[in-house]
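Please read these notes with the structure open beside you.

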Amino acid sequence: MTASQTNMKNINDMPLTWRHIYIVAVASLGQLIGTAVATVAGVIIPMMNILAHPELSTFMQGLIGCIDLIGIAIGSVIFGSLSDKYGYLFFFRFCPALILAASLVALFIPNVAVLTIALFFVGLGIGGEYSLDSGYVSELMPVKYRALMVGVTKTASALGNIIAAALCFWVIMDTRNAADWHLLMWIVAAIAALMLILRIKFYESPKWLLDHGKTAEAEKAVQDFLGKDVMIPAQAPQPETTAKKSEPQSNDSDSDNFFSFIIKNGKRVILSGIPWACEGLGVYGIGVFLPILVMALGLEHFTPGEAEILHVASSVEITLYISCIMLPGFILGLWLINKKKSITAIQSVGFWLCAATLVLLLLSYHFHWNKWISIGAFMGFELFLNMGPHLITYVLPPKIYPVETRGRGVGIAAAIGKIGAVLGVFFIPVLLKAGGATLVLIVSIAVMAIGAIVTNIYGRLVKN
């Protein structure tokens, strides 16, 4: 299509339509299910503790909490690389199918070992989601709204926490039986099924098609996504790029050699990966064990003599209150992005404010202040975490990588982030056992400060 077709809308500067909103909604379910799984795992662990599983040691608690994150780290790299090579669409459908199958296995075979293995495969699917959904959104949105809508996609992770916490509380209060922990996997299975159904009628990435010399197919995909009156800019499919893509790629290609990619894009990898690893401690380390931390800090409502499962229910209720502040945090971050504020500045300030609220929480716990001060500090932490690091670490990678290596770049960033999250989740029970809530908070404060420092240094070096 050419610019001379004046009745056609340019994909880059067309107005935002309901079709764009639908694309964002479908893509954002990957973010929603990622945090929903973490929340479900965090509730299952104390329910299992009530049953006194002999194998549920500190090690097993950490493993159950982080095994899906290990899967995410692996899946984001694997599916990110495969999608760069073979296209986005197949994996965009395969990932929710994998999550659905694994969650159903855990649901119908309530066993600690089976749950652990199932959560790993759930994580593989979520890892693929993290390397694909931002790519779809960033390439199909008008330029004016691109960063904002990528951020909106990430906002769905807050809904994942809220929805999962509310449903977990409802299941616990309905069954009042810790042995029914496996029923919580219905939450994961239902979300995965919805994702799969909505993606049956979806299309291949237009920019991936362009990058592989399939201009006609790219034009059709854009029209399928956005309407028959939408065109791709004439300058998008470069002849030389098409020629290169039609030939076997050399060994020096970023997409062929993992290590050469890391070396060539070192600053991008550090800026997009290390802060993501730091925020992973907050989102997943603290997030997964939030009900247990609420108990450790003595914040839950509990009457002595009540059944232990009600103790868990009370901590989940407080977790739900804290989770509700995540969405306003994302909204605040999106407002700052829409105001054209520097995304690295938003990330850095967010990290510093997270550290400050954790200091307040530590002081409140140490000096036995009113528990609502502690809950308020926890809410402040979640507000600033989601306003800055949690939102921006997702927005930044697709913004700094070119389309031909975006899947791999985003995948590597997500993998580094999940490695940090895995370490955070795995060691939270160890830290709790070694030094209680005090040690957890001190380590978390240090990690938030590291995230801010790395963002300050490399945010100036990488054009974003």
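1. The lining of the largest cavity divides by class into six nonpolar and five polar residues, with no charged residue. Keep in mind that this is a predicted model.

2. Which residues line the largest cavity? They are Thr39, Val43, Asn161, Ala165, Gly287, Val288, Leu290, Pro291, Thr319, Ser323 and Met326.

3. At least two residues of the lining come from each of α1 (18–51), α5 (146–175), α11, α12 (290–296) and α13 (308–323).

4. The volume of the largest cavity is about 60 Å³. Searching the whole structure gives three cavities of 30 Å³ or more.

5. Helix α11, which supplies at least two residues of the cavity lining, also packs against another helix. α11 covers residues 266–288 and its partner, α15, covers residues 343–366. Their axes lie 12 Å apart, at an angle of about 30 degrees.

6. Why are α11 and α15 described as roughly parallel? Angles under 35 degrees count as roughly parallel, and the angle here is about 30 degrees, so the description applies to α11 and α15. The crossing of α11 past α15 is left-handed.

7. Where do these two helices meet? On the α11 side the residues are Leu271, Pro275, Cys278 and Glu279, and on the α15 side they are Thr344, Gln347 and Phe351. By class, this contact has four nonpolar residues, two polar residues and one charged residue. The lining of the largest cavity, by comparison, has no charged residues.

Technical notes: Residues are numbered from 1 along each chain as its sequence is written. This is a predicted model: local features need pLDDT of at least 70, side-chain atom pairs count only at pLDDT 80 or more; totals for chains, interfaces and linings use all residues. Side-chain values use heavy atoms; hydrogens and water are left out. Axes are lines fitted to C-alpha atoms, for helices over the stretch in contact, and angles run from 0 to 180 degrees between N-to-C directions. Helices (H or I, at least four residues) and strands (E, at least two) are DSSP runs, numbered from the N terminus. Angles under 35 degrees count as roughly parallel, over 145 as roughly antiparallel, 65 to 115 as roughly perpendicular and the rest as oblique. A crossing is left-handed if the near helix is turned anticlockwise from the far one by less than a right angle, and right-handed if clockwise. Contact means heavy atoms within 4.5 Å. Ala, Val, Leu, Ile, Met, Phe, Trp, Tyr, Cys and Pro count as nonpolar, Asp, Glu, Lys and Arg as charged, and the others, Gly among them, as polar. On a 1 Å grid over the protein atoms alone, a cavity is a set of points where a 1.4 Å probe fits but cannot get out, and a pocket is an open set with protein on both sides within 12 Å along at least five of seven lines; lining residues have an atom within 4 Å of a point. Grid points are joined across faces, edges and corners, and a volume is the space filled by probe spheres set on the points.
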